[in-house]
Amino acid sequence: MKIFYKTSATATGGRSGYTRTDDGSIGFDLVSFQDDSGKQGTNPEQLFAMGYAACFDSAMNLVAGQMKLEPTQASTSVGVGIGQKADGTFSLDLDITITVAGLSEAEARALIQRAHEVCPYSNAVRGNLDVRLHVNMINSFDL
């Protein structure tokens with residue numbers, strides 16, 4: 001595989017610690033989703049959701065051009081859940097929703113499916129996590 005970009009990050013203290021990119025450009029205090037102490041911070045699931053949403057939205061924009069589709073408005077939201085499987089291990093659960101205007105529902109569904117085939121995050125989790133795709137249509141008069 002030809003690598004176009006590579007980055008790294010380091011975490012200390014696990015879910016109740018701190019994480020930052022190794023170049024220092026961004027960092028976060030971490031809190032567990034189970035923490036009710038009032039400590040401010042984010043959790044790894046939120047960071048994963050942000051990265052996946054941005055990556056998927058980029059894939060969707062790329063694919064829209066390839067498919068000759070021109071949505072008048074589009075955004076991507078990724079919901080990330082964490083839970084315990086029957087065998088005692090932990091896993092993530094994902095919902096990807098595109099909100100789109102200016103396309104038919106059939107075009108929007110084809111777009112999200114194709115973006116899911118192209119997105120590097122989708123390719124990384126395929127076969128390992130439950131991922132559900134959703135389309136939220138916006139009428140042009142709602143804009």
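1. Ground rules. This is a predicted model, so to speak for a local feature pLDDT has to be at least 70, and side-chain atom pairs count only at pLDDT 80 or more, while totals for chains, interfaces and linings use all residues. Residues are numbered from 1 along each chain as its sequence is written, and side-chain values use heavy atoms, with hydrogens and water left out.

2. Aromatic pairs. The structure holds four of them. Rings of Phe, Tyr and Trp (its six-membered ring) pair if their centres lie within 6.5 Å; planes under 30 degrees apart are stacked, over 60 edge-to-face, and the rest tilted. Phenylalanine 48 and tyrosine 52 make an edge-to-face pair, 5.7 Å centre to centre with 80° between the planes. Both sit in helix H1 (residues 44–66), four residues apart, about one turn of the helix. Helices here are DSSP runs of H or I with at least four residues, strands are runs of E with at least two, and both are numbered from the N terminus.

3. The next ring along. Phenylalanine 48 is partly exposed at 22% relative accessibility, whereas tyrosine 52 is buried at 0%. (Buried is under 20% relative accessible area, exposed over 50%, partly exposed in between, with a 1.4 Å probe and protein chains only.) Tyrosine 52 also pairs with phenylalanine 56, this time tilted: 6.5 Å centre to centre, 55° between the planes. Phenylalanine 56 is buried too, and ring pairs link Phe48, Tyr52, Phe56 and Tyr121 into a cluster.

4. In one of them, glutamate 45 meets arginine 15, with the closest N and O atoms 2.5 Å apart. Glutamate 45 is in helix H1 and arginine 15 in the loop between strand E1 (9–12) and strand E2 (18–21), so the pair ties together parts 30 residues apart in sequence. Glutamate 45 is buried at 9%, while arginine 15 is partly exposed at 30%.

5. A strand-to-strand bridge. Arginine 132 and aspartate 95 form a salt bridge with their closest N and O atoms 2.9 Å apart. Arginine 132 lies in strand E6 (residues 130–138) and aspartate 95 in strand E5 (residues 90–101), so parts 37 residues apart in sequence are tied together. Arginine 132 is partly exposed at 32%, and aspartate 95 is partly exposed at 23%.

6. The largest pocket. Where does the largest pocket lie? Domain 1 (1–42) and domain 2 (44–137) both give residues to its lining, so the pocket lies between them; the domain bounds come from an automatic or database assignment. About 250 Å³ of space lies in this pocket, a volume being the space filled by probe spheres set on grid points joined across faces, edges and corners. On a 1 Å grid over the protein atoms alone, a pocket is an open set of points with protein on both sides within 12 Å along at least five of seven lines, and lining residues have an atom within 4 Å of a point.

7. What lines the pocket. The lining includes Tyr5, Arg20, Phe28, Leu47 and Met50, with E2 and H1 each supplying at least two residues. The lining divides into six nonpolar, four polar and one charged. (Ala, Val, Leu, Ile, Met, Phe, Trp, Tyr, Cys and Pro count as nonpolar, Asp, Glu, Lys and Arg as charged, and the others, Gly among them, as polar.)

Terms used:
Salt bridge = Lys/Arg side-chain N within 4 Å of Asp/Glu carboxyl O. 1 Å grid on protein atoms, 1.4 Å probe; cavity = no way out; pocket = protein on both sides within 12 Å on 5 of 7 lines; lining within 4 Å.
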